[in-house]
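Please look over the structure below. A brief report follows, starting at the surface.

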Amino acid sequence: PAYQIRVARRELEPLDLDCVEAVQVLVVLCKTEKSITLNLKAPLLINPNRRLGRQVVTNSELPVQYELGGDLPTLRKSA
């Protein structure tokens, strides 16, 4: 909930937004054997009304690989 990004206005222009509040922000996730990381530095910005999106690099000092806490549980195959 505290995740906030700062991007230049020119980065938002191609999304053709009616208002900045309309943008949806998604982060890219990466799963390895030992952890899950989030790319908080370069989120995806989506304008759902116009079906436009792009990945931007933020002006913030956010990590490219933010590791989610704890080890991943061992998964078992089931039928």
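## Nonpolar surface patch

Tyr3, Val25 and Val27 together make a nonpolar surface patch of about 190 Å². The model is predicted.

Val27 sits in strand β1, which covers residues 24-31. Its relative accessible area is 30%. Val27 therefore counts as partly exposed, since that class lies between the buried limit of under 20% and the exposed limit of over 50%.

## A buried lysine

Lys41 belongs to strand β2, residues 36-47. Lys41 is buried, yet it has no salt bridge. The nearest side chain of opposite charge is that of Glu61, 5.2 Å away. A salt bridge needs the nitrogen and the carboxyl oxygen within 4 Å.

Which residues does Lys41 touch, leaving aside those up to four places away in sequence? There is a run from Val56 through Val57, Thr58 and Asn59 to Ser60. Leu62, Pro63 and Val64 complete the list.

## Fold and contacts

The protein has one helix and four strands. Read from the N terminus, the order is α-β-β-β-β.

Take the contacts between residues at least 6 apart in sequence: 52% of them join residues at least 24 apart.

## Burial and surface

The protein has 79 residues, and 19% of them are buried. Lys41 is one of the buried residues.

The accessible surface comes to about 6,600 Å². Carbon and sulfur atoms account for 50% of that area.

Notes: Residues are numbered from 1 along each chain as its sequence is written. This is a predicted model: local features need pLDDT of at least 70, side-chain atom pairs count only at pLDDT 80 or more; totals for chains, interfaces and linings use all residues. Side-chain values use heavy atoms; hydrogens and water are left out. Helices (H or I, at least four residues) and strands (E, at least two) are DSSP runs, numbered from the N terminus. Buried means under 20% relative accessible area, exposed over 50%, partly exposed in between (1.4 Å probe, protein chains only). Contact means heavy atoms within 4.5 Å. Accessible areas come from the Shrake-Rupley method with a 1.4 Å probe; for residues, only the protein chains shown count as cover. Patches are made of residues with over 30% relative accessible area and no salt bridge: like charges are joined within 9 Å, nonpolar side chains (Val, Leu, Ile, Met, Phe, Trp, Tyr) within 5 Å. Lys and Arg count as positive and Asp and Glu as negative; His and the chain ends are not counted.
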